[in-house]
Amino acid sequence: MPTQPLSQKEIEDRLRELPGWSLDGDRITRTYRLADHFAATALVVHVASIQQELDHHSDLTLGYNSVALSVNTHTVGGVTDKDFTLADRVEAVAPGHGAR
């Protein structure tokens, strides 16, 4: 069965469970702040590993002490369960890198 985009209400309800994440157009986004560039780079590597495992990839932006994610399901042009699965997984590992 093909992946379907979530409704606006479903997205809003799911975002309430993910503090720091927000809807920006047709994607969910979050920026993490970290202690320094090395910590930010380590988080990017960890996120890349999760994305490979899920076979679902976000746009990642590495800054000096920040990591920004922007994710949607390109094939449907919107936000799906896959995006929230990725966001949940990132949320689970980010504190271990000192992200806030």
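Contact is taken here to mean heavy atoms within 4.5 Å. In the predicted model, Y32 touches, beyond residues up to four places away in sequence, W21, L43, N65, S66, V67, L69, V90, E91, A94, A99 and R100. Within the sheet, Y32 stands opposite V67 in strand 4, a residue that is also one of those contacts.

The pairing around this position is antiparallel, with 6 bridges joining strand 2 (residues 27–33) to strand 4 (residues 66–71). These two strands belong to an open sheet of 4 strands, in which the order is 1-2-4-3 and the pairing antiparallel. Because strand 1 (22–24) and strand 3 (59–62) stand at the edges and have a single partner strand each, one side of each is left without a neighbour in the sheet. On average, neighbouring strands of this sheet are turned by 25 degrees against each other when direction is ignored. Helix 3 (residues 81–93) lies across strand 2 and strand 4, and its direction makes an angle of about 10 degrees with strand 2; V90 and E91, with which Y32 is in contact, fall within the residue range of this helix.

The largest nonpolar core comprises 25 residues, of which W21, I28, Y32, L34, L43 and F84 touch the most other members. At least two residues of this core are supplied by each of helix 1 (8–16), strand 2, helix 2 (37–54), strand 4 and helix 3, and the largest share, 6 residues, comes from helix 2. In soluble globular proteins, nonpolar side chains tend to be buried together.

Terms used. Residues are numbered from 1 along each chain as its sequence is written. This is a predicted model: local features need pLDDT of at least 70, side-chain atom pairs count only at pLDDT 80 or more; totals for chains, interfaces and linings use all residues. Side-chain values use heavy atoms; hydrogens and water are left out. Two strands pair if DSSP finds at least two bridges between them. Axes are lines fitted to C-alpha atoms, for helices over the stretch in contact, and angles run from 0 to 180 degrees between N-to-C directions. A nonpolar core is a set of buried Ala, Val, Leu, Ile, Met, Phe, Trp, Tyr and Cys residues joined through side-chain atoms within 4.5 Å. Buried means under 20% relative accessible area, exposed over 50%, partly exposed in between (1.4 Å probe, protein chains only).
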